[in-house]
Amino acid sequence: MSHYIILDLEWNQNPHRRSGDDEILPFEIIEIGAVRLNDRLEIESEFDRLIRPCVYRKMHKKIYEVTHISMEELDRKGIRFRDAITQFLDWCGDDPVFCTWGSMDLTELQRNMVYHGIELPFDLPFLYYDLQKIYSLIKGERTKDSLDTAVAELHIDTVRPFHHALDDAWYTACVMQRMNFFSRSKYVSVDYYRLPEPKSEFVLHFPEYDKFVTHPYETREEALADRKLTQVVCCQCQRALRKKIRWFSSNQRFYYCLAVCPEHGYVKGKIRIKKAEDGGVFAVKTTKITDQSGIDLVISKKEDVRRKRSERAKRLKLHSLDENAAQSANQSHRSSSRRKIMDR
DNA sequence: CGTCTCTAAGGCACCCGGAG
DNA sequence: CTCCGGGTGCCTTAGAGACG
């Protein structure tokens, strides 16, 4: 039976300006807190360790304001990161399913492990539940709520303080218990700290879309030149599809296309370019079978962007004409032409 | 303060077609 | 032909709000 590890970290950072350390380890973990739940989301045990930091030996002011953890306390109660992570992984048991609030914790955990020369025991792809994302899926909104907000909205008693690793993990567990987690449990997240090797790219299947994650490339151009990224496969029959609209970009990070499957209809594609750890890039492609409204959405996306721009350009032109007129005319002329703009 | 993400908006260069 | 402005694409900047 699977069990869930609700993880929360506290970390410190360089209290001064950027230095060489920042690029190696921007965030140094100072506390690991976690709650273990069984497959019915009942609490089985809790884990909490303070860590004596070795990179940043001064507490960042803002971090102290948030966590109220002092360096003195860490020196007194903290243990070595190596010992804490060993105890933590041991406490997690076999095949834990990790859950966090937000997408940063598992990345930072791994970055700290690598810094300390500890081998990563996690699967590749490293799947986990981002409960902040699941919470917004259940609400049907695109907002990213803070943990405090979710706790308040679900009327969870605030019997513990916030912003301590174990307490926040415990609140996260409470939110998970009360938000009908299993209705969205197919929506796993992927941690992108470790990326697949070439030829080991992977696809994740979701109820209404597929997600494809590439290996790292040197440049965006190199990524977009790779057929494995740009080809679109039907989510239903895995057939390679012909495109009706080639890949185009509405901004600098997203690309869209529209393909058609002879059996299952239209499939829209979306590519998102992301930065990899080593300075290169990788891409996440999602493909989704779509109905007429989805088709129209893609078809008109270019035109929407175009129309928005041209409307804005017209507004600006009128506005500049207005200002020019204002320089040579009196106040009444100015207000009348302003009214004209408002009517548009 | 520093990370991340998303959005809006500004600057710039290029292409293209109409006016001269 | 040149000139000019609109449309377009690409890049940068800034703000908001999540995380610590």
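Reader: Is the crossing of helices H4 and H5 left-handed or right-handed?
Author: This is a predicted model, where local features need pLDDT of at least 70, side-chain atom pairs count only at pLDDT 80 or more, and totals for chains, interfaces and linings use all residues. Residues are numbered from 1 along each chain as its sequence is written, chains are lettered from A and ligands numbered from 1 in the order in which they are written, and side-chain values use heavy atoms, leaving out hydrogens and water. A crossing is left-handed if the near helix is turned anticlockwise from the far one by less than a right angle, and right-handed if clockwise. For H4 and H5, the crossing is left-handed.

Reader: At what angle do the axes of H4 and H5 cross?
Author: Helices (H or I, at least four residues) and strands (E, at least two) are DSSP runs numbered from the N terminus. Axes are lines fitted to C-alpha atoms, for helices over the stretch in contact, with angles from 0 to 180 degrees between N-to-C directions. The axes of H4 (residues 81-92) and H5 come within 10 Å and cross at roughly 125°.

Reader: Which residues of H5 make the contact with H4?
Author: Contact means heavy atoms within 4.5 Å. From H4, Phe81, Ile85, Phe88 and Leu89 take part. Their partners in H5 are Leu109, Asn112 and Met113.

Reader: How many residues of H5 are buried?
Author: Buried means under 20% relative accessible area, exposed over 50%, and partly exposed in between (1.4 Å probe, protein chains only). Leu109, Asn112 and Met113 are among the buried residues of H5. H5 spans residues 105-115 and is mostly covered, and of its 11 residues the buried ones number nine.

Reader: How far apart in the chain are tyrosine 4 and phenylalanine 181?
Author: Rings of Phe, Tyr and Trp (its six-membered ring) pair if their centres lie within 6.5 Å; planes under 30 degrees apart count as stacked, over 60 as edge-to-face and the rest as tilted. The structure has 18 aromatic pairs. Tyrosine 4 and phenylalanine 181 form one that is edge-to-face, 5.8 Å centre to centre with 80° between the planes. It joins strand S1 (residues 3-13) to the loop between helix H8 (165-178) and strand S6 (189-191), a separation of 177 residues.

Reader: Why does the pair of tryptophan 11 and phenylalanine 27 count as stacked?
Author: Tyrosine 4 and phenylalanine 181 are both buried. For tryptophan 11 and phenylalanine 27, the ring centres are 5.3 Å apart, and the pair is stacked because the planes stand at 25°.
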